[in-house]
Amino acid sequence: MPVTLNPYLNFKDNAREALEFYHSVFGGELNMSTFADFQSAEDPSDSDLIMHGQLDGPGLTLMAADTPKHMEYREPAGFSVSLSGDDDATLRAYWDKLADGGTVLQPLEVAPWGDAFGMVTDRFGVTWLLNISGAGGGGAGAPA
């Protein structure tokens with residue numbers, strides 16, 4: 001198997017809801033396992049929480065889990081997830097769904113480098129960057 005890099009998001013008791021939301025945004029195949037599935041809940045109230053969830057879709061893998069009670073949960077900060085490409089319709093559809101119930105930080109519009117670019121924090125507190133390549137194949141100066 002080749003080496004891959006993909007986001008692994010942590011949530012506080014709502015990973016199932018977040019993963020189901022991302023499944024509705026991106027499609028693909030969603031698999032979730034609870035702490036009870038692996039008999040690994042130190043606190044019985046963690047049993048039905050997600051120990052590991054994985055969404056595999058076209059061009060993406062997104063993983064997530066709930067933070068068990070015995071571990072400190074930290075709000076998402078200091079990172080963002082980037083989506084980029086030249087499929088305007090698909091990326092705009094992702095944008096619309098991620099923005100629903102979220103906060104647009106930078107509207108999705110043509111940026112100085114010629115691509116459409118926007119930033120949104122979704123309803124779960126995860127910040128997404130979207131970059132849609134312009135007709136000139138721009139993107140060289142786009143933020144990563």
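Okay, a definition to start: angles under 35 degrees count as roughly parallel, over 145 as roughly antiparallel, 65 to 115 as roughly perpendicular, and the rest as oblique. Axes here are lines fitted to C-alpha atoms, for helices over the stretch in contact, with angles from 0 to 180 degrees between N-to-C directions.

Housekeeping: this is a predicted model, where local features need pLDDT of at least 70, side-chain atom pairs count only at pLDDT 80 or more, and totals for chains, interfaces and linings use all residues. Residues are numbered from 1 along each chain as its sequence is written, and side-chain values use heavy atoms, with hydrogens and water left out.

Helices (H or I, at least four residues) and strands (E, at least two) are DSSP runs, numbered from the N terminus.

So, the helices. Helix 1, residues 15-26, packs on helix 2, residues 88-99, at about 150 degrees, with the axes 9 Å apart. That's why we call helix 1 and helix 2 roughly antiparallel. Contact, meaning heavy atoms within 4.5 Å, comes from F21, Y22, S24, V25 and F26 on helix 1, and from Y94, K97 and L98 on helix 2.

Four strands make an open, mixed sheet, in the order 5-8-7-6; pairing takes at least two DSSP bridges between two strands. Strand 5 (81-85) and strand 6 (103-110) are at the edges with a single partner strand each, so one side of each has no neighbour in the sheet. Strand 6 pairs with strand 7, residues 116-121, antiparallel, over five bridges. One link there: V110 has A116 of strand 7 as its bridge partner.
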